[in-house]
Amino acid sequence: MHARPAIAAPAQRVFITGGASGLGLALARRYRQAGWRVCIGDVDAIRLKQVLSQYSDLSGLPCDVTRESSLTGARRWLEQHWGGVDVVINNAGITRDRMF
């Protein structure tokens, strides 16, 4: 019996909000190590740029999860450049200037 050659599956694609620091960045690193295509979104443009300069194989988008237009823009970019995503991790936190 002859073994069939393995068919290479395309890399899985993940988008992580709040991905430029903390848990989001840790998740991005882990998915990257596992061979996934990773795109991080973050409201902090400076931090996002720093992370992207450290990891040339990551993609990144400015993304403010409190603004629908920002999320729509991220979705459009992901569809145009990657054909969509397989997983979205909604990691970004939203805080207000008051106690819970």
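Analyst: Strand E1, helix H1 (residues 22–33) and strand E2 (residues 37–42) form a right-handed β-α-β unit; right-handed here means that, with the strands pointing away from the viewer, the path from the first strand over the helix to the second runs clockwise. The model is a predicted one, in which local features need pLDDT of at least 70 and side-chain atom pairs count only at pLDDT 80 or more, whereas totals for chains, interfaces and linings use all residues. Residues are numbered from 1 along each chain as its sequence is written, and side-chain values use heavy atoms, with hydrogens and water left out.

Helices (H or I, at least four residues) and strands (E, at least two) are DSSP runs numbered from the N terminus. The chain has 3 helices and 4 strands, arranged along the sequence as β-α-β-α-β-α-β.

E1 pairs with two strands, where pairing requires that DSSP find at least two bridges between the strands. With E2 the pairing is parallel and spans 5 bridges; within it, Ile16 has Ile40 as its bridge partner. Strand E4 (residues 87–89) also runs parallel to E1, joined by 3 bridges, and here Val14 is partnered by Val87.

Burial is described by relative accessible area: buried is under 20%, exposed over 50%, and partly exposed in between (1.4 Å probe, protein chains only). Because 5 of the 5 residues of E1 are buried, the strand is largely enclosed by the rest of the structure. Both of its faces are covered, with Arg13, Phe15 and Thr17 buried on one side and Val14 and Ile16 on the other. For the chain of 100 residues, the buried share is 29%.

Arg13 belongs to E1, which comprises residues 13–17. Arg13 counts as buried because its relative accessibility is 16%. Its side chain makes polar contacts, defined as pairs of N or O atoms within 3.5 Å; within protein, one atom must be able to donate a hydrogen and the other to accept it, and residues adjacent in sequence count only if both atoms are side-chain atoms. A polar atom of the Arg13 side chain lies 3.3 Å from the backbone oxygen of Gly83, and the side chain also reaches the backbone oxygen of Gly84 at 3.3 Å. Taking contact as heavy atoms within 4.5 Å, and leaving aside residues up to four places away in sequence, Arg13 touches Trp36, Arg37, Trp82, Gly83, Gly84, Val85, Asp86 and Val87.
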